[in-house]
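Here is a short tour of the spaces and surfaces in one protein model.

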Amino acid sequence: MKISTHHIFYAFVIASMLLCINSKGQDMSMEKAIETARKQSVQALQAKQAFISTYWAYKAYQASRLPSLSLYGNILNFNRSLTLMQSYEDGDLRYVNSYNLQNGIGLNLSQNISLTGGTISVYSDLSRIDQFGTSNPLNWYSQPVTISYSQPLFAYNQFKWNDLIEPKEYEKGKREYLESMEYLTLNVVKSYYDLLLSQMNYKNAISNYNNTSKMLKVAKERLYLGSVSKDEYLQLELRMLNDSIAINESEVTFRQMQMQLNSLLGFDESIEIRPIIDDYLPDLCLNYEEVLDKCLANSSFNLENELKKLTADSDVAKAKASSGLSVSLNARFGLSKSDINFPDVYKNLQDQEMIGITFSIPIFDWGVGKGKVEKAKAAREVINAQVAQSENDYRRTIYSIVNEFNNKKSQCLTSKRAMIIASERYSLIMEKFQNGNASVLELNTAQSENDTARLKFINDISNYWQSYYTLRSYALYDFQNGRNLDIDEQELIVQ
């Protein structure tokens, strides 16, 4: 059997395609891919917008703790109608004609008091009533200053619980943003090495096809000399055909991985990235206790558990307050005056005071209040149990990842050495085959071992970096530079 010219032409076309792909592409390191994704990917934008939403929610909470000043009024309120009124002389009800125009304006300053849950207000207003068709058509009414205070007693203090919860919610939002960016980084690393593996598979398929074609020529000559059997020759030709199939299959996978990474980086399909093989690995050996301390101090995990407990405690407090005695204290003191002349409305002011207590005591509610309290307590017990379980699972997860990571570098060094040996052996076997000192089986075995060793080396490096960035996402800590990860809040808000 002889080698057809289309086999040689096919190998030439494939090699030309690879050169064309390489010429159109651009080299990109893993660090550059990560930087690009963090700047322009959709996931980065989503993480940023989620943080911005949390930021303004926290600003709204802070504003609710500051005094609020409002201007209120009642302008051009014209009324011409019949109004039902009762005579104070004989108690008869009769309709009287209302024909007036009312105008009023005022300022109100109020402040919520977190410690007690009460609200204090200071307001000042001025009103004017124009009565049409009467002998005294104009009347002014002023309240230059009035102070009021409302204080619920034995009630659920929403202000106090908000002061405990809202700052933690904001801090959790910051940490979740950092974690989202680390998850993005982890996805980029995985996609980057997926592309590198698929690219290497593609190149291996082309290289194997070319090498097998050369060995097939040698096998043909050795077939005529009788040093290669017909069976071995056919086996080698079959290998070449399988290599040609592998080229098509690996190219499809390579294109898919290219598009996947492009999508992650925010590129369209016209950009072709050439990932760079970098075997540099930082010399890190992590201690489980130290990593766990960083995880508990920096991640959102602990904050999430604290918030769950606080929310459960808040629900219990609310249930208790709504099922028991309800008392509210209201007090007001102010100065006022009514007069037909505007200048006189602020002279000889009269003071007015009001104080009172309102209350509600449930006498018999068929156990509704107690049921709400017990339900809230039961929910709190479940939350506490879930938090304890999640903490145990969390520690176990960190322990496993740290131990796996500490073994990754030595594994990478071993697989690198195995790759070098497999490559040298493959070259040696091809040379021996050309000299008639190796069989087709040995040649095929050496080729498979060489492919496997190269792919395993890249896969081990990928696993190393994925483990590293997984730990970074848990601890929010840069282990290479020895610093906590942080964000510039104003830079995120302004951009």
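Before we start, one term: a strand here is a DSSP run of E with at least two residues, and strands are numbered from the N terminus. Also keep in mind that this is a predicted model.

**The second largest pocket**

With that term in hand, look at strand 2 (68-86), strand 3 (93-112), strand 4 (119-131) and strand 5 (138-153): each of them supplies at least two residues of the lining of the second largest pocket. This pocket holds about 190 Å³ of space. It has 15 lining residues, and those closest to its centre are N74, N103, G104, S127 and R128. Sort the lining by class and you get five nonpolar, eight polar and two charged residues.

**The largest pocket**

Now move over to the largest pocket, with about 540 Å³ of space. Its lining is made of 22 residues, and R38, Y177, M181, E491 and L492 are the ones that lie nearest the centre. Here the elements giving two or more residues are helices: helix 2 (30-40), helix 3 (42-64), helix 4 (158-225) and helix 10 (489-494). What classes do the residues of this lining divide into? Eight are nonpolar, three are polar and eleven are charged.

**The cavity**

The structure also holds one cavity of 30 Å³ or more. The space in this largest cavity comes to about 40 Å³. To find it, pick out T212, M215, L236, R239, Y426, L443, N444 and Q447, which line it. Helix 4 turns up again, and along with helix 5 (230-265) and helix 9 (440-475) it supplies at least two residues each to the lining. Which helix gives the most? That's helix 9, with three residues.

| Space | Volume | Lining by class |
|---|---|---|
| Largest pocket | about 540 Å³ | eight nonpolar, three polar, eleven charged |
| Second largest pocket | about 190 Å³ | five nonpolar, eight polar, two charged |
| Largest cavity | about 40 Å³ | four nonpolar, three polar, one charged |

L69, L71, I105, L107, L109, I120, V122, V145 and I147 make a nonpolar surface patch of about 760 Å². Strand 2, strand 3, strand 4 and strand 5 each give two or more residues to this patch. Strand 3 gives the most, with three residues. Take one member as an example: I147 lies in strand 5. Is I147 buried, exposed or partly exposed? Its relative accessibility is 39%, so I147 counts as partly exposed.

L76, which sits in strand 2, has a phi near 55°, a positive value in a residue other than glycine. L476 has a positive phi too, near 50°, and is likewise a residue other than glycine. You'll find L476 in the loop between helix 9 and strand 9 (477-478).

L476 has a relative accessibility of 1%, so L476 counts as buried; buried means under 20%.

Technical notes: Residues numbered from 1 in each chain as written. Predicted model: local features only at pLDDT ≥ 70, side-chain atom pairs only at ≥ 80, totals over all residues. Heavy atoms only, no water. 1 Å grid on protein atoms, 1.4 Å probe; cavity = no way out; pocket = protein on both sides within 12 Å on 5 of 7 lines; lining within 4 Å. Points joined across faces, edges and corners; volume = space filled by probe spheres on them. Helix = DSSP H or I, 4+ residues; strand = E, 2+ residues; numbered from the N terminus. Nonpolar A, V, L, I, M, F, W, Y, C, P; charged D, E, K, R; others polar. Patch = residues over 30% accessible without salt bridge, like charges linked within 9 Å, V, L, I, M, F, W, Y side chains within 5 Å. Areas by Shrake-Rupley, 256 points an atom, 1.4 Å probe, with all protein chains shown as cover. Salt bridge = Lys/Arg side-chain N within 4 Å of Asp/Glu carboxyl O. Buried < 20%, exposed > 50% of the residue type's maximum accessible area, 1.4 Å probe, protein only.
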